[in-house]
Amino acid sequence: MKITHLAITHNVESDSRILHKMAMSQSYGNEVTIITSGTSSKKIGKVKILSISKDRIKRKTYPIYAIKTIYYSLQNKNSIYHVHEVPLMFFSTILLMFGKKVIIDFHEDFSAELKTKPYLRNYQKYLFQFGYKLFFKFIVPYFHHIILAEDSYSQNFASIKNKTIIRNYPKTEYFSFIEKKEDDTLNIVYAGTISVDRGCENILNVVAKLLDQGNYNIKLDYYGPIFESDLQKKIIKVCNKYSKNIRYLGQVSYLDIVERLTEYDVGFSALHNELNYQGSMPTKLLEYNCAGLHTI
């Protein structure tokens, strides 16, 4: 069986759900491909990574790359197409028209997430919400199967029978404990998408204030992508000021980060009181727990 995952804005090497929990588990006896961007084409284990762009796709050029992705998908006579992004689901209706079997995967409550997008103006949020409701009502039921990542938004799909919940629990076998050296440094890690609504500024401001007081031996490391340019500039500016104590280490592969987690004392994952987070399962909290960290 040939299976293709479509995830063009995900960095799949750092995304545990798409690559490690789904694609790799499907690769035994099947031919599995992930179409993505932000990396080079390669093979990871038995999974083929097909990159449509080595650079991260920008919002303005997304439609072009989405059409390119569908074109590549149609070139391969696959058994199943598994789509991981809601905007790409719109374009995947072309696959349905060609009689392809398409599975769509909702990693979170997209409707609630739209309301918190900082780059969207209010009228844009209204238009996207309206478009999404039409898409959800008239097109989503025609996809062959729907996968949800958790229970919190499953009520949105109450009228759809062909659905499955695959909870995004961490795979504990990836985590290995190391003997830590005794010292008086408090090492804090923030892993995952770096954004204001996930508390990145809260911990940054606290650590900077404690360092200014001069009485604390504390270090903070950030791992993950920053999608907002102004936020990235602010974090890099603070990192430069406190270069010995605060570091932005960029995005690393999932296996690299879970290996590094045990080197820290505290994991930070303080989500703000946004609608999208109120009932969500805190994946990072579970990963920090697997690594034996205290968690904020």
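## A buried helix face, a buried aspartate and aromatic pairs

In helix H11 (residues 283-290), the buried residues are Thr283, Glu287, Tyr288 and Cys290. Viewed down the axis of H11, these buried residues fall within an arc of 160°, so they line one face of the helix. Do keep in mind that this is a predicted model.

**Around helix H11**

- Just after H11 comes glycine 292, with a positive phi of about 75°.

**Aspartate 105**

- You will find aspartate 105 in strand S6 (residues 102-106).
- Its relative accessibility is 1%, so aspartate 105 counts as buried.
- The side chain of aspartate 105 makes a polar contact of 3.3 Å with the side chain of arginine 17, and another of 3.0 Å with that of histidine 82.
- Leaving aside residues up to four places away in sequence, aspartate 105 touches Arg17, Met22, His82, Val83, His84, Met89 and Ile147.

**Aromatic rings**

- Across the whole structure, a search finds twelve aromatic pairs.
- In the pair formed by tyrosine 71 and tyrosine 72, the ring centres are 6.2 Å apart and the planes are at 45°, so the pair is tilted.
- Tyrosine 72 has 28% relative accessibility, so this residue counts as partly exposed.
- Ring pairs also link Phe106, Phe110, Tyr132, Phe136, Tyr153 and Phe157 into a cluster.

Conventions
Residues numbered from 1 in each chain as written. Predicted model: local features only at pLDDT ≥ 70, side-chain atom pairs only at ≥ 80, totals over all residues. Heavy atoms only, no water. Phe/Tyr/Trp six-rings, centres within 6.5 Å; stacked < 30°, edge-to-face > 60°. Buried < 20%, exposed > 50% of the residue type's maximum accessible area, 1.4 Å probe, protein only. Helix = DSSP H or I, 4+ residues; strand = E, 2+ residues; numbered from the N terminus. Arc of directions from axis to C-beta. Polar contact = N/O pair within 3.5 Å; in protein donor to acceptor, adjacent residues only side chain to side chain. Contact = heavy atoms within 4.5 Å.
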